[in-house]
Amino acid sequence: MPTPILEIRNLQVTFNTPVGPLVAVRGVDIDVHAGEMLAVVGESGSGKSVSFLAAMGLLPRSATVTGSALLDGQQLVGMTPKQMRSVRGRLMSMIFQDPLSALNPVHRVGAQITEMLRAHTKMSERAANARAVELLEIVGIPQPGDRAMQYPHEFSGGMRQRVVIAMAIANSPKVLIADEPTTALDVTVQAQILEVIQRVQVQFGTAVVLITHDLGVVARVCERVNVMYAGCFVERGNVHGIFEQPTHPYTRGLLASLPQTGVGRLVPIAGFPPNMLRPPSGCAFRARCDHAVEACGSAIPPLVPVGESESACIRASELMGRK
Amino acid sequence: MNDDVVVPAKSPRRMAYERFVSHRGAVVGVFVLTILVVFVALSPFTARYGVNEAVQAPPNYFLSPRANAWLGTDDIGRDLYSRLIYGVRVSLVIGFFSAVISVFLGCLIGAVAGFRGGMFDDIIMRITDLFLAFPFLVTLLVMRNMLGAITWLRPITGDLSSVRFIIVLFAIFGWMSVARIVRGQVLALKEREFIEAARAVGASRWYIVRRHLLPNSIGPIMVALTFSVVGAILSESTLAFFGYGPQAGAGATSLGILVGQAKGAVNTGFWWLAVFPCLALVIIALSINFIGDALRDATDPRMVKDA
Amino acid sequence: MLKYVVRRLAWSIPTLCFVTFLVYVALRIGTNPVESYKRINPRASPEKIAQYIDVNGLDPNYVRGYFRWLVNFITLDWPRSIKGSREVAPALKDALANTLRLGTAASVVGITVGLLLGIFAALRPGGRRDVAVNTAAFVGISIPPYVSAILFQLFFAVYWSRWFGSTLFPTSGVYPPGQTGFNLGLMIRHMVLPTMVVAIQIIAVYARYMRSSLLDVLSSEYMRTARSKGISERRVLFKHGLRNALIPVVTIAALDVGSIVGGLIITENIFSYPGMGKYFLSAFGEGDFPLLMPWMVLIVFSVLLFNLLADVSYAWLDPRIRLE
């Protein structure tokens, strides 16, 4: 396997809150390869966004980040703010969930894109304007020249998200982190946005990390999937493998709660995610797991190969045979 | 952040209490105010002299602070410390009663305006716009004279120079800002789903007010109440400072009158006459302002704190 | 935009008429101008009184009286003051000029310092300097202007000269007694204390507005987007944060003109500063109807003007707002 473009090792994120330290990410490893589309799946609060915000250096001051995140060989954790700034928006950029609040309401759309361009290149204002219009065209905005002069409130939700994508890919980053890019959009628009993301992935050779809780989205566009629960990865592997034969009880629960044609009922996962102010010992899912045994509480189970995937369930191979 | 962090569930009241207590200024404010109220309520014991009583036989005027007059004496030899206690008493009474009346009126008018809408709402909002845009002091002075000149209102307002008159005057002004807040709450609540749900199951309007509107707007109303108390106390002092406040009948006094007296004492350097009443006024205003701020923090779930 | 402004200005004329009618009635009831005239001029002949009633529009019928007053006012046929000695227009002009000077100085100092302090505090919410600014602002809004004015007077008029043997800042008037002609240095020294008294209020209020507005903005998502672009923190703050933070501050600013005027009235009176406030309080005290009405018109007009100004700058700052 080639060296990954983004290599995260043992990343930990702790928030200093008034009620005590809150461990949001508890030592995750992840490899993102050049040009691939990778999914990170989990419920809200599982730490999936926080992990990548940490890599981007975008967490508030109350967060402590440890571990390692190598982007194209550069260590991101512990970078000075100045070094970090030269990485952000140039090598790695981000698309956010809500395109309405992600765009500054008082600046023209074109200006918000040229700002990105001119932050990292010595482009003239003229050239940057022209490039911004080109980018708007690439993401499929009709009449990009006129639209560049408009304000975000004059765009529909889907169009706004296209603008955000145009901004994010302005400097052809190596890695694009898409943080729930379709969650705030209408279902009909979701597919279009995913298509735009796929297109820029191919056209720019950008690796895309798709953070989502929507397994339907994952099945449609991704090759590899990482499932996160309570700040740890519980399962990862090929999309088809995991969909056909999930190895971790949590993944199985997620899949069972997904609406499918022909299946009678949705089965929700019982209980609630653990309180991360007092994280449980051992496997974090064990309180909600039907298959939990005493041994589950002894240590956080590492990811081990099971079949075609990797699973963090100590009973994974044993449970594989059963339904 | 869309990865919301799961925090242990606590009852809203408990959380509000905890947020209030974490406001250090408010805790000090409550402490100071409590002491003041106790001091003032026990004035027969805490005051050393009567309101009009001279501390000693002449020469007794403009004595600097000393053993028999802790905070010095005024131009006719009265003890400033004792007079401060009487003055604070009057000011607190004015502040409390005018705030309570104006909040009551404001809730009533605001709720009706919000629920009924239409003409009534328009007129009420125009009136409040007009009054709130105009310089407050000017309106207050003009309205004071006007109110005093309307003879058939005498039974309600009392004499122009009485404490009751001041309370009525402030209540006439105070309701406006409260009415705006309550109206806003009503309009916001009308849009909310649970009100619609309550309507759909046939709940009466009064039931909705009692069960949904009041519990939901109690926070902002409490905040408005505290700020009206400060507003009334400061307005009274302002009026009294320029000689338009309650008159010191039989030597009665208020904080405003005491501060007003300081005006004459300044250029002669009787500092105690200026410093102590001013200090008392600022301490009271600051304490109540802190309490109001903490109440706002406590009852507004939208906390603006880092992460 | 221009069309909007013109229409708003046109609309302000009926508003002005309506509000001045209310003020007219309120003053007729509140100050009883005719009685005041008789009190101040006890030996006035019935003809004089009738003439005073006529030129001031003090007809027993309020509506007829108001129109009489309005006609005189518009044709600039302004009656003399209650004692018959003063022309109203020049007195009002002087007072306005003095107040504008004081008000502008205080607003410029107050708004600049207030906004800066608010920004300074919001950058580190909960930090030591945030707590310091917040507490100071609270103390500021809890100090009524007459209290700070009295304490300043006590310190500068009495103790400074007693301790240091010279006057640093004079505590009354625009010029020392006997001074004639223009002298910038003296004027500024006389203005320092009143300006500070008014500015303290403005600083406290604006620091708090700015702080909470900027805190709201700083926690918004577009700030994170801006940061994710890799531009400098300063650019994030100035280009993306401040303009958004100013939008709510501007709307509140217009509503605040009333309280600034209130502060000016109080301050001018204490520092014997010959401005609009001193003019108003003495005219009000004497029930001087001819002096009061033009003053009121001016105040109503400036309130309307500032409201318009706020709406225009609001639309200018926020492209989402359309002036229609």
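**Sheet of chain A and the C–B interface**

Eight strands of chain A make an open sheet with mixed pairing, in the order β6-β7-β8-β3-β9-β10-β12-β11. Here strands are DSSP runs (E, at least two residues; helices are H or I, at least four), numbered from the N terminus, and two of them pair if DSSP finds at least two bridges between them. This is a predicted model, where local features need pLDDT of at least 70, side-chain atom pairs count only at pLDDT 80 or more, and totals for chains, interfaces and linings use all residues. Residues are numbered from 1 along each chain as its sequence is written, and chains are lettered from A in the order in which they are written.

Q: Which residue of β9(A) stands opposite Val41(A)?
A: β3 (residues 37-41) and β9 (residues 224-229) of chain A run parallel, joined by four bridges. Opposite Val41(A) you'll find Val227(A).

Q: How many residues of chain C are in contact with chain B?
A: Contact means heavy atoms within 4.5 Å. On the chain B side, 43 residues take part. For chain C the number is 48.

Q: How many salt bridges does the rule find across the interface of chain C and chain B?
A: The rule wants a side-chain nitrogen of Lys or Arg within 4 Å of a carboxyl oxygen of Asp or Glu. Across this interface the count is zero.

Key. Side-chain values use heavy atoms; hydrogens and water are left out.
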